[in-house]
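Student: I would like to learn how to read side-chain contacts in a model. Where do we start?
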Amino acid sequence: MKKSDFHFDLPEALIAQAPLAERSASRLLLVPPGEGAFDDRHVRDLPDLLQPGDLLVFNDTRVIPARLFGQKASGGRVEILIERLLPGNEARAQIGASKAPKPGGRIVLDGGGEAEVLSRDDGFYHLRFDVDDALESWLLTAGRMPLPPYIRREPGQDDAERYQTVFAREIGAVAAPTAGLHFDDALLTRLRDRGVQFGHVTLHVGAGTFQPMRVDDVREHRMHSEWLNVGAELVAQIRRTREAGGRVIAVGTTVVRALESASVDGELHPFAGETRIFIFPGYRIRSVDAMVTNFHLPESTLLMLVSAFAGRERILAAYNHAVRARYRFFSYGDAMLLWGGHS
């Protein structure tokens, strides 16, 4: 299986550069199982598409303002993208500079203070920050929202709110779980009134989610590591939902990765820790019955994940439909509702 098996042509004009004024106004492509016809809907139609007793599972991770700028002692400009916060005002990060800094090197930060390079490993740097507050708090004023690389503009004031889900609470992601961006308080209220239940996992999305696959053979790809937590309360909630005949719907690929990482032989267990799970066709996803998901980049691991769930040909046909119908793609774009059950 080659990464080129997951290629599709996408006009650049369809890459959403900003969110819509209303979160739930995004379009929603309904992709039923089998050969059922695609249906062009809107995210606000979700209460009509779900049933009382269904369970929506959200990722409650919160994006940190993880992008920083500064300069080396030599004067060279540096861009820092924090990948993960570590104890002791330390962090794992990517660094963009004309010449890679060496261990022991110091970076004077535009927001005040300095960062010292402790080590480098596998393309990431281990940094220690000398700033006047706990790093997590300092970033709230000194950091910038890390918009994805395909958004060709600087982040604005609106992005601080809109590149964050309304239910975000566990700080630690450097990229948003974008399927959740479509849900606003009004839609959540309507879903709750419909009898739909809500559950949460935490998976801190890392910057590696934007890194392209560098091998042609899909099976040779090695995923970046991300931290997740699937709690005992959610495990019990999913069990009760299934026993009552309800369906489990993941809001986003990160929820699927979290639930599958916490599953052993199809049985879900509480789990907190790291995952490198890579889901592609041939893998059977058993933790969810459906998923709400945005449209993903060509040849990306996320496109492979949804192909494992709904079938590669079915997904590529849906993407071609979305291109023809001028759907908006990627983080600030539109969404799909995928049902499992392909053969």
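Tutor: With accessibility, and with a predicted model in mind. Glu274 has 40% relative accessibility, so Glu274 counts as partly exposed.

Student: Which residue does Glu274 meet in a salt bridge?

Tutor: Arg84. The side chains of Arg84 and Glu274 meet at 2.6 Å, N to O. Arg84 sits in strand S6 and Glu274 in strand S17 (residues 271-275), so this pair links parts of the chain 190 residues apart. Arg84 is partly exposed too, at 22% relative accessibility.

Student: How many salt bridges are there by this rule?

Tutor: The count comes to 16. Take Arg77 and Asp110 as another case. Their closest N and O atoms are 2.7 Å apart. Arg77 belongs to strand S6 (residues 77-86). Asp110 lies in the loop between strand S8 (106-109) and strand S9 (114-121).

Student: Is Asp110 buried or exposed?

Tutor: Exposed, because its relative accessibility is 51% and the cut-off for exposed is over 50%. Arg77 has 43%, so Arg77 counts as partly exposed.

Student: What does the bridge between Asp217 and Arg219 look like?

Tutor: Their side chains meet at 3.3 Å, N to O. Asp217 is buried, with a relative accessible area of 15%. Arg219 is exposed, at 60%.

Student: Which residues are linked in a network of salt bridges?

Tutor: Glu90, Arg106, Glu114, Glu116 and Arg128.

Student: Now rings. How many aromatic pairs does a search of the whole structure find?

Tutor: It finds 14. Read the distance between centres, then the angle between planes. Phe58 and Phe198 give 5.6 Å centre to centre and 75° between the planes. That pair is edge-to-face, because the angle is over 60 degrees.

Student: Why does the pair of Phe58 and Phe198 tie together parts that are apart in sequence?

Tutor: Phe58 lies in strand S3 (residues 55-59) and Phe198 in strand S12 (residues 197-203), so the pair ties together parts 140 residues apart. Phe58 is buried, with a relative accessible area of 1%. Phe198 is buried as well, at 18%.

Student: What is the geometry of the pair formed by Phe129 and Trp138?

Tutor: Tilted, with 6.5 Å centre to centre and 45° between the planes. Both Phe129 and Trp138 are buried.

Student: Which residues do ring pairs link into a cluster?

Tutor: Phe8, Tyr150, Phe295, Tyr319, Tyr327, Phe329 and Phe330. Tyr327 has a charge over its face as well: Arg27, at 3.9 Å from the ring centre. Arg92 lies over the face of Phe124, also at 3.9 Å from the ring centre.

Student: And the nonpolar side chains?

Tutor: In soluble globular proteins, nonpolar side chains tend to be buried together. Here the largest nonpolar core has 63 residues. Those with the most contacts inside this core are Tyr163, Val230, Leu259, Phe329 and Met336. Helix H7 (residues 301-310) supplies the largest share, seven residues.

Student: What does Val230 touch, not counting residues up to four places away in sequence?

Tutor: Val201, Val235, Ala258, Leu259, Ala262, Leu268, His269, Pro270 and Phe271. Among them, Leu259 is also one of the residues with the most contacts inside the core.

Note on methods: Residues are numbered from 1 along each chain as its sequence is written. This is a predicted model: local features need pLDDT of at least 70, side-chain atom pairs count only at pLDDT 80 or more; totals for chains, interfaces and linings use all residues. Side-chain values use heavy atoms; hydrogens and water are left out. Rings of Phe, Tyr and Trp (its six-membered ring) pair if their centres lie within 6.5 Å; planes under 30 degrees apart count as stacked, over 60 as edge-to-face and the rest as tilted. Helices (H or I, at least four residues) and strands (E, at least two) are DSSP runs, numbered from the N terminus. Buried means under 20% relative accessible area, exposed over 50%, partly exposed in between (1.4 Å probe, protein chains only). A charge sits over a ring if NZ of Lys or CZ of Arg is within 6 Å of the ring centre and within 35 degrees of the ring normal. A salt bridge is a side-chain nitrogen of Lys or Arg within 4 Å of a carboxyl oxygen of Asp or Glu. A nonpolar core is a set of buried Ala, Val, Leu, Ile, Met, Phe, Trp, Tyr and Cys residues joined through side-chain atoms within 4.5 Å. Contact means heavy atoms within 4.5 Å.
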